[in-house]
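Okay, thanks for having me. Let me put the sequence and the model up on the screen, and then we'll walk through a few spots together.

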Amino acid sequence: MNNSYLKTIRKYYPNAIYSEIFGKLVIEYLKQIGFNPDEVMTANSICSDDINAMQFSISDSGLIGPFYLGGLDGFPFTGLTGIQAFAHHMPEDGALLIFYGPHIGITKEGKIGKVVRRGQDHESNCCGAAQAALDKINDKPQEPSLLDYQEDTIVQLFQQNKVRIEDEPYPIQEATEVMYEAVQERIHLLITKSKDEFVGKYLILIGSIFINVDEGADSCITYKEFRTINLDTNEEKDHLKGFVTYLAKNKLD
């Protein structure tokens with residue numbers, strides 16, 4: 001990616017970093033705080049959008065996995081069954097690392113909520129599920145249906161935050177923040193409800209908003225949480241400040 005595209009992304013997300021660099025530095029930082037990548041199993045709670053399969057490579061760095069927790073826009077729709085299955089798969093002396101969060105596109109021209117996808121010559125919505133839910137924000141509230149449960153859940157979430165979303169200059173960006181908070185809350189709840197299921201020693205949580213880009217460019221990430229949980233003592237450590245300091249010393253733009 002050229003610097004002008006990164007500068008465009010940082011108008012919306014000032015701490016955005018190339019996701020490839022982010023992934024590599026996560027691995028190095030984990031080593032510094034005592035985690036061997038060979039004993040870390042990953043789960044991704046990110047959107048099932050095909051663009052993420054092509055641009056999300058954060059866990060492709062010698063870690064075990066990933067297990068897929070997420071559905072539309074990263075919400076962990078696999079629920080307790082998913083998190084507990086994952087909990088049973090972890091190395092007994094190792095850790096589980098969960099990457100979680102929604103995604104959003106930004107074009108080279110600076111349009112947020114859009115990207116130019118592979119094989120296309122026009123912009124399309126990203127996250128499409130989030131934009132489709134925004135288009136229904138003024139509809140009469142309905143209970144999620146079995147035929148479209150995931151999308152209906154996002155619609156319901158956005159409707160509950162209608163004023164907050166519509167008061168912002170870029171509703172899709174604020175809706176993505178709403179989505180991040182919902183994903184984060186649900187991930188933490190699922191972990192709390194499943195504490196007795198984990199067979200390893202540690203949980204590592206990395207929360208972010210994944211930033212998709214036009215075909216041919218390098219995706220980015222804006223980081224929001226970096227936390228470890230000792231499963232024996234329930235002690236939690238917030239590593240975000242330490243990781244930010246580490247990034248400042250090592251990242252390349």
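Let's start with a quick one: is N234 buried, exposed or partly exposed? With a relative accessibility of 46%, N234 counts as partly exposed. By that scale, buried is under 20% relative accessible area, exposed is over 50%, and partly exposed is in between, using a 1.4 Å probe and protein chains only.

Some housekeeping before I go on. This is a predicted model, so local features need pLDDT of at least 70 and side-chain atom pairs count only at pLDDT 80 or more, while totals for chains, interfaces and linings use all residues. Residues are numbered from 1 along each chain as its sequence is written, and side-chain values use heavy atoms, with hydrogens and water left out.

Back to N234. You'll find N234 in the loop between β9 (220–230) and β10 (236–238). Helices here are DSSP runs of H or I with at least four residues, strands are runs of E with at least two, and both are numbered from the N terminus. N234 isn't a glycine, yet its phi is positive, about 65°. D73 is another non-glycine with a positive phi, near 55°. D73 sits in the loop between β3 (64–68) and α4 (79–89), and D73 is buried, at 0% relative accessible area.

Now, the cysteines. The peptide bond from C126 to C127 is cis, with omega near 10°. C127 belongs to the loop between β7 (123–125) and α5 (128–134). C126 is buried at 0% relative accessibility, and C127 is buried too, with 2%.

C127 is in no disulfide either: its nearest cysteine sulfur belongs to C47, at 4.1 Å.

On to helix packing. Two packed helices are described by the angle between their axes and the distance between the axes. The axes are lines fitted to C-alpha atoms, for helices over the stretch in contact, and angles run from 0 to 180 degrees between N-to-C directions.

Look at helix α6 (residues 149–160) and helix α8 (residues 171–193): they pack at about 110°, axes 10 Å apart. That makes α6 and α8 roughly perpendicular. For the wording, under 35 degrees is roughly parallel, over 145 roughly antiparallel, 65 to 115 roughly perpendicular, and the rest oblique. From α6, I154, L157 and F158 meet A175, V178, M179 and A182 of α8, contact meaning heavy atoms within 4.5 Å. By class, that contact of α6 with α8 has seven nonpolar, no polar and no charged residues. The classes go like this: Ala, Val, Leu, Ile, Met, Phe, Trp, Tyr, Cys and Pro are nonpolar, Asp, Glu, Lys and Arg are charged, and the others, Gly among them, are polar.

While we're in α8, there's E174. E174 is buried, with a relative accessible area of 15%. Leaving out residues up to four places away in sequence, E174 touches R164, I165 and E168.

Last pair: helix α2 (residues 19–32) and helix α9 (residues 240–250) have axes that come within 11 Å and cross at roughly 120°. That makes α2 oblique to α9. Among the residues in contact are F22 and L25 of α2, and F243 and Y246 of α9. By class, the contact of α2 with α9 has seven nonpolar, three polar and one charged residues.

Technical notes: Disulfide = S-S within 2.5 Å.
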